[in-house]
Amino acid sequence: QVQLVESGGGLVQAGGSLRLSCAASGRTFSTYIVGWFRQAPGKAREFVASINRSGGLTRYADSVKGRFTISRDNAKNAGYLQMNSLKPEDTAVYYCAADASGRYPLTTRRDNYDYWGQGTQVTVSS
């Protein structure tokens with residue numbers, strides 16, 4: 001029902017910033033919880049941030065608190081992840097995801113998300 005496409009990844013030096021976008025197709029984007037996950041080589045996919053339907057509530061992994069900001073614009077069917085003060089440890093493929101159930105607001109669990117984008121590479125050089 002929903003397709004998600006990430007963009008905005010790239011190569012940046014430590015301390016720099018990137019803004020990731022997640023463009024969604026479908027008629028019910030505003031009803032979905034949106035999450036961002038990342039996966040580094042040899043590691044499991046991990047939770048980064050999530051945002052509720054209205055955009056008024058957010059949740060962040062401890063590793064990105066104070067540096068990353070998740071947001072959404074339901075009128076544009078889009079989600080965003082602003083990443084500041086990037087560190088080499090942030091290097092990963094970043095995925096946006098959507099939870100259509102509404103049962104687990106701001107969930108951090110991968111299995112609770114129904115739709116996933118293809119991922120966008122973020123590389124932070126030291």
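Start by selecting Phe 37 and Tyr 113: both are buried, meaning under 20% relative accessible area, where over 50% is exposed and anything in between is partly exposed (1.4 Å probe, protein chains only). Before you click further, note that this is a predicted model, in which local features need pLDDT of at least 70, side-chain atom pairs count only at pLDDT 80 or more, and totals for chains, interfaces and linings use all residues. Residues are numbered from 1 along each chain as its sequence is written, and side-chain values use heavy atoms, with hydrogens and water left out.

**Stop one: the rings**

Stay on Phe 37, which counts as buried because its relative accessible area is 0%. Phe 37 and Tyr 113 make an edge-to-face aromatic pair, 5.2 Å centre to centre with 80° between the planes. For the cut-offs: rings of Phe, Tyr and Trp (its six-membered ring) pair if their centres lie within 6.5 Å, and planes under 30 degrees apart are stacked, over 60 edge-to-face, the rest tilted. Phe 37 sits in strand β4 and Tyr 113 in the loop between β9 (92-99) and β10 (115-116), so this pair ties together parts 76 residues apart in sequence. Strands here are DSSP runs (E, at least two residues), numbered from the N terminus.

Now show the rest of the group: ring pairs link Phe 37, Phe 47, Tyr 95, Tyr 113 and Trp 116 into a cluster. Across the structure there are six aromatic pairs. One of them joins Phe 37 and Phe 47, again edge-to-face, at 5.8 Å centre to centre and 80° between the planes.

**Stop two: the arginine**

What does Arg 45 lie over? Select it and you'll find the face of Tyr 95, 3.7 Å from the ring centre. Arg 45 also lies over the face of Trp 116, at 5.0 Å from the ring centre. To count, CZ of Arg (or NZ of Lys) must be within 6 Å of the ring centre and within 35 degrees of the ring normal.

**Stop three: strand β5**

Hop to Ala 49, in strand β5 (residues 46-51). Buried or exposed? Ala 49 is buried, because its relative accessibility is 0%. Beyond residues up to four places away in sequence, Ala 49 touches Val 34, Gly 35, Trp 36, Arg 59, Tyr 60, Ile 70 and Leu 81, with contact meaning heavy atoms within 4.5 Å.

**Last stop: Met 83**

Finally, pick Met 83. Leaving out neighbours within four places in sequence, its contacts include Gly 16, Leu 18, Phe 68, Tyr 94 and Val 122.

Notes. Helix = DSSP H or I, 4+ residues; strand = E, 2+ residues; numbered from the N terminus.
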